[in-house]
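Open the model in your viewer and keep the selection panel at hand. Each stop below gives a selection and what to look for.

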Amino acid sequence: MDTLKFKTTINCGTCIAKVTPILNSNEEIEKWNVDTENPDKILTVEGENIDEADLVKSLSKIGYKAERV
């Protein structure tokens with residue numbers, strides 16, 4: 001299983017509610033979490049063969065930035 005971490009602009013419960021359908025519909029992602037307490041708002045995703053570029057693009061389409069750390 002791969003684990004990827006991204007610095008994001010997902011910073012509150014409303015933001016998490018907005019990205020949930022996008023992340024849950026990605027079949028490559030088995031589990032994900034956003035640490036909104038961290039100043040960098042770290043999104044951690046776990047799964048197999050996660051397409052990093054596709055994930056970043058999907059979040060960008062709904063107004064969120066994600067940068068791999």
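Begin with Lys-7, which is partly exposed at a relative accessible area of 39%. Keep in mind that this is a predicted model. Lys-7 sits in strand 1 and Asp-40 in the loop between strand 2 (29–35) and strand 3 (42–47), 33 residues apart. Asp-40 counts as partly exposed, at 33% relative accessibility.

Next, select Thr-8, in strand 1 (residues 2–8). Is Thr-8 buried or exposed? Thr-8 counts as buried, because its relative accessibility is 8%, under the 20% cut-off. Show its surroundings: beyond four places in sequence, Thr-8 touches Asp-40, Lys-41, Leu-43, Lys-65 and Ala-66. A polar atom of the Thr-8 side chain lies 3.2 Å from the backbone nitrogen of Ile-10.

Move to Lys-31 and Glu-46. Their salt bridge has its closest N and O atoms 3.9 Å apart. Lys-31 is in strand 2 and Glu-46 in strand 3, so the pair ties together parts 15 residues apart in sequence. Lys-31 is exposed, with a relative accessible area of 52%.

Now pick Glu-52 and Arg-68. Their side chains meet in a salt bridge at 2.9 Å, N to O. Glu-52 belongs to helix 2 and Arg-68 to strand 4 (residues 66–68), 16 residues apart. A search of the whole structure finds 3 salt bridges.

Stay at helix 2 (residues 52–61). At its start, a side-chain oxygen of Asp-51 comes within 3.2 Å of the backbone nitrogen of Ala-53. Finish just after helix 2, where Gly-63 takes a positive phi of about 100°.

Notes: Residues are numbered from 1 along each chain as its sequence is written. This is a predicted model: local features need pLDDT of at least 70, side-chain atom pairs count only at pLDDT 80 or more; totals for chains, interfaces and linings use all residues. Side-chain values use heavy atoms; hydrogens and water are left out. A polar contact is a pair of N or O atoms within 3.5 Å; within protein, one must be able to donate a hydrogen and the other to accept it, and residues adjacent in sequence count only if both atoms are side-chain atoms. Helices (H or I, at least four residues) and strands (E, at least two) are DSSP runs, numbered from the N terminus. Buried means under 20% relative accessible area, exposed over 50%, partly exposed in between (1.4 Å probe, protein chains only). Contact means heavy atoms within 4.5 Å. A salt bridge is a side-chain nitrogen of Lys or Arg within 4 Å of a carboxyl oxygen of Asp or Glu.
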